[in-house]
Amino acid sequence: MLLPLLGAALIALIPSAQERLVKQVALGTTLVVAVATLVKAMSFDAENTELQFRQSYSWIPSFGINWALGVDGIALVLILMSVILAPLVILGGWNESEGGRFGVKTFYILILVLETMVIGVFAATDLFLFYVFFEAMLVPIYFLIGGYGSGERAAAAVKFLLYSLFGGLLMLASIIGLFVISGQNGEVTFDITKLSELHTVMSSTTQNILFLGFFIAFAIKAPLWPFHTWLPDAAKSGSAGTSILLLGILDKVGTYGMIRFCLSIFPDASKTFTPVIIVLSLISILYGAFLAIGAKDIKRLIAYTSISHFGFITLGIFAMTTQSQSGATLYMFNHGFSTAALFLVAGWMIIRRGSSTISDFGGLQRITPIMAWSFFIAGLSGLALPGLSSFVSEFLVLVGTYTRYPLAAIIATFGIVLAALYILIPVQRALHGETTPGNENLKDLNLREKVTIAPVIAIIIFLGFYPSPLLKVINPAAAHIVQQQGYSDPAPTMNGGK
Amino acid sequence: MLAPILVVLAGAVAGVLIEAFAPRKSRASSQLALSLFTLVIALAALVRTRGTYSSKAAMNTVTFDGAGYLLQMAILIIAIIAILLLADSDKFAAAPTAAPGSDEEREAQAANIRVTEVYPLTLFAIGGALLFTVATDLITLFVALEVLSLPLYLMAGLARRRRLASQEAALKYFLLGAFSSAFFLFGVAYLYGYSNSITYSGIAAAITGGTANDVFLLIGISFVSVGLLFKVSAVPFHSWAPDVYQGSPTAVTAFMAAATKVAAFGAMLRIFYVAFAGDVWQWRPMLTAIALITMVFGSLVAISQRDVKRMLAYSSIAHAGFLLSGIIALNKSGLDATIFYLFAYGIATVGAFAIVSLINDASGEVTDLNRWAGLGKRSPWIAIAFSFLLLAFAGIPLTSGFVGKFSIFSAAYESGNTAILITGVLSSAIAAFFYIRVVVLMFFKDPVEDGTSVVIPSIYTRITILVSLVITLILGVFPAPVLDYISQTAFFLR
């Protein structure tokens, strides 16, 4: 699954001056990868909760480190999301790379390298390998933000990098801890399955400390309140494509890591910290929503809505029911596409208008109807309107949470109400109303942009009505994880419409 | 078994003879050829001794074992790539004995005199370094220390430009070095008083025998440690490092920062693992405290540096703290990890200083970081190479630095030292900040137009940089063979 990409990254290295060719090769590569992954995914056995498509080679035997890859339903869905988004990012930001600091070629090399690492991070079944991808991933995205963004891009890139490095190093401390403990109880290993048996021999204090190392790293990545402050700056300063990669794909690594490592390696510590984490998620949901309502900059707005959405995802993960767990994974997938849609359209709006302040737009509905409609649908998907994909996942998360933590679910519901506000206010300001001076001559979407946005919207609507193909893949894996935790789904106690 | 050391010292003597008799014109090239030849022969001689271990060499003063073999090998490899840097000899003073700014100096410069004493001096220092790692009695250790140090004091003062700073560095290094040697000898005397022996095995036997007064032992260990900690620039014995790193000619700094560190840590490993191991409960708290302070102090102070050589000096102080945690671990994985870390760090350091020596303006090297702004635009390859080495120092995965850090911290944690693990990881985070800052400066700031330029590297410097990059990458991506080799080979004969 990985190899075509590595080769492709090398191909992109060869041609230098021919910018068009570079772009075409990059686009072609990502498309081939997407198709190849889809084909491979067809042969995935959804009923089986074991890891599939496994490959394993010894890498550093003296530390018990293997180059081991494999996917379960959750990882597969996230990989699918990443490989589908990658060509869209390239196509949507066809001219983004120009005027960057490092030239066109570098831009595409960075994206392809990043794609490789993202697939690696989702597919790694060796903790050390995961960590290597997790950290190495920072380098390309750092240069993407710092080299091709706008405004205070260098500062934003550094802030992002330092936050992530700090979290990563905390995780490293925990990994070393696990490594030594595994060595004291048999052979040193980084295999996730074997590590998840270690919790029986760890004292609860050790487990809690190691858990925190992992959790803080993932909470910074996700980002969860109060670790979120890097995100708005990075999202605002990055180009639209970069922001999609960052929020749509990379941040999922955080929530994915919570499922894969926090839950399965430290089940007892997860239980201990669940109340705290649920409170943090709720704060994220509401806090992100309030900030979004007050945001003046369109990209900051999207970033804040994401903080709110990640609150939902974390809530779903730690509520520990099958529904909430599959809801959370589906949420990650859907959030990827609705954020992509928002950023794509927002990016085009910003390029046309030369400004990212919401109040500079106005009356776009009349001047550029297609662009306005796309933004509208993307926005609605962000507020989880029934019939659009994110409704299903948000509903699952809430229902799943309600069966275990009713109060938390009720508070989270306020997030939906606020979502209506933070989406509809900018929609009303930017799309409807008087035409703001200076907007009269904006052009509507061209063919390339239409081709880009069409599949995204198609996916959003299709999954809104028919999510079951994905759920079929996710459900067994999610149920397996909940079982591993020693939870069983509580019987719904109130049947009134729930 | 003494062959490598003898070869290097013989090479040094031959170098002195060349200096005296060969015509000035051909000196530079013949010196370089001789030094390289000597080092390669020494390396070959060393490889031949593999497996023939003994603790009785040179009347029981020197021990050859796996750890010594690995350390000597590391020193020789680092020395080979570092000595290539000396080949750009317009970096050295034309008339080192003349007072800066004097007529004599101007004449020498006008005559385009190229001074080549630096080669035999380096060889002497390498000979001392090799001996330093295998010495197993305190007097031999002291002799090795001086053989290693004296040439370095001289070499620090050889810079062609900014000669006053260079001479100040040399003097400072010499004075502080002399102090620390005195401390060292003082400690040796106490250890002799305690154990009635100057050999490591004698001291170890006295500790386990345990009839003598422990106070003498503690004083002895403390003062000997001061002498060694000075050499590795651990806080609070670090104050010479920034000035000396900055003032010395960059090629000398590269050698000093890399090879000396390997030698000094090699000697520390041996003395703490072999001689003092029985007394671990007394020295471990002391060394732990020093390691913690060293890590944190080095990382914090490096943040405020504006000069690239000073920054690398403080970063080397922080790395000394990390390396100390391998000594404190006092287990097999600590030994393996320290040797790996030393090798990886030494190689990366030589590469980094080689690149520093390339950034020049009309009046010499530019080490002011602000003037490095925009280097990524002007010479992207140099900037990428330097960034890669910085990432290795910061311990980002896929570089040798990461593997090193991982193994040394896990060794520390294995010995039950959680404080080291947590502080080490946190100070790595701090350290990442200033490494990243340089990357930002090179890539995201616009260049200042003040005539700073990158000189076209000579073939020698090119080889140095390339070798350093390749080894750093290989040790990061496929460390398995080297790690296995070290863990099979590294042991101490007691």
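**Exercise 1. Where in chain B is the place of Pro236(B)?**

Some ground rules come before the solution. This is a predicted model, in which local features need pLDDT of at least 70 and side-chain atom pairs count only at pLDDT 80 or more, while totals for chains, interfaces and linings use all residues. Residues are numbered from 1 along each chain as its sequence is written, and chains are lettered from A and ligands numbered from 1 in the order in which they are written.

Step 1. Look up the helices. Helices (H or I, at least four residues) and strands (E, at least two) are DSSP runs, numbered from the N terminus.
Step 2. Pro236(B) sits in the loop between helix H10 (214-231) and helix H11 (240-247) of chain B.
Step 3. Check the peptide bond. Val235(B) and Pro236(B) are joined by a cis peptide bond, with omega about 5°.

**Exercise 2. Decide for Asn196(B) and for Leu330(B): buried or exposed?**

Step 1. Take the cut-offs. A residue is buried if 20 or more other C-beta atoms lie within 10 Å of its own, exposed if 12 or fewer, and partly exposed in between; C-beta atoms are placed from the backbone.
Step 2. Take Asn196(B). The loop between helix H8 (163-195) and helix H9 (200-209) of chain B holds Asn196(B). Asn196(B) is not a glycine, yet its phi is positive, about 60°. Asn196(B) counts as exposed because it has 11 C-beta neighbours inside 10 Å.
Step 3. Take Leu330(B). This residue lies between helix H14 (308-329) and helix H15 (332-356) of chain B, in the loop. Leu330(B) is not a glycine either, and has a positive phi of about 50°. Leu330(B) has 20 C-beta neighbours inside 10 Å, so it counts as buried.

**Exercise 3. Which residues does Ala303(A) contact, leaving aside its neighbours within four places in sequence?**

Step 1. Find the residue. Ala303(A) belongs to helix H13 (residues 298-319) of chain A.
Step 2. Judge its surroundings. Ala303(A) counts as buried because 29 C-beta neighbours lie inside 10 Å.
Step 3. Apply the contact rule. Two residues are in contact if their C-beta atoms, placed from the backbone, lie within 7 Å.
Step 4. List the partners. With those neighbours left aside, Ala303(A) contacts Leu231(A), Pro232(A), Ala235(A), Lys236(A) and Leu247(A).
Step 5. Look at one pair. Ala303(A) and Lys236(A) are 67 residues apart in sequence, and their C-alpha atoms are 7.9 Å apart in space.

**Exercise 4. How many residues does the contact take from chain B and from chain A?**

Step 1. Count each side. Chain B gives 23 residues and chain A gives 24 residues.
Step 2. Find the largest supplier. On the side of chain B that touches chain A, H19(B) gives the most, with 10 residues.
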